[in-house]
Amino acid sequence: MINKNILKIRKDLDKLDDLFLKLIKKRTNLVNKVLENKKFKKEIVDHKRIAVILKNIKNKSKKNKIDPLITNKIWKSMISAYINYEFRNFNKK
């Protein structure tokens, strides 16, 4: 039998996941706008931009007392997923 506290926490996690999905939808819409402005596939991966994003996330994580290893892994994964998304959707413009 699962502890009632764990069930309550899991419901809260499920609600938070729903919010994440809404944010991912908003982020995808913004990525689509950026993609519309790219003329060449070579513009999809911007290593300088990625480095700046990861540095900012690391600093903000530390400031907010969040384990920066967690946020770094999440953002690297998200960036990789969106790069893949942009390559898959580049020719569909």
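Modeller: This is a predicted model. Start with a residue and its element: leucine 21 lies in helix H1, which covers residues 4-36.

Biologist: Is leucine 21 buried or exposed?

Modeller: The general idea is that over 50% relative accessible area counts as exposed. Leucine 21 counts as exposed because its relative accessibility is 56%.

Biologist: Which residues form the nonpolar patch on the surface?

Modeller: The patch is made of Ile9, Leu13, Leu16, Leu19, Phe20, Leu21, Leu23 and Ile24. Together they have about 770 Å² of accessible area.

Biologist: Now the opposite case. Why does serine 61 count as buried?

Modeller: Buried means under 20% relative accessible area. Serine 61 has a relative accessible area of 3%, so it is buried. Serine 61 belongs to helix H2. Apart from neighbours within four places in sequence, serine 61 is in contact with Ile66, Pro68 and Thr71.

Biologist: Which residues make up the largest nonpolar core?

Modeller: A nonpolar core joins buried residues through side-chain atoms within 4.5 Å. The largest one here has nine residues: Leu35, Ile44, Ile50, Ile53, Leu54, Ile57, Ile79, Ile83 and Phe90. Helix H2 (47-63) and helix H3 (68-89) are the elements that give two or more residues to this core. H2 supplies the largest share, four residues.

Biologist: What does isoleucine 44 touch?

Modeller: If residues up to four places away in sequence are not counted, isoleucine 44 touches Lys38, Ile83, Glu86, Phe87 and Phe90. Ile44, Ile83 and Phe90 are among the residues of the core.

Conventions
Residues numbered from 1 in each chain as written. Predicted model: local features only at pLDDT ≥ 70, side-chain atom pairs only at ≥ 80, totals over all residues. Heavy atoms only, no water. Buried < 20%, exposed > 50% of the residue type's maximum accessible area, 1.4 Å probe, protein only. Contact = heavy atoms within 4.5 Å. Patch = residues over 30% accessible without salt bridge, like charges linked within 9 Å, V, L, I, M, F, W, Y side chains within 5 Å. Areas by Shrake-Rupley, 256 points an atom, 1.4 Å probe, with all protein chains shown as cover. Salt bridge = Lys/Arg side-chain N within 4 Å of Asp/Glu carboxyl O.
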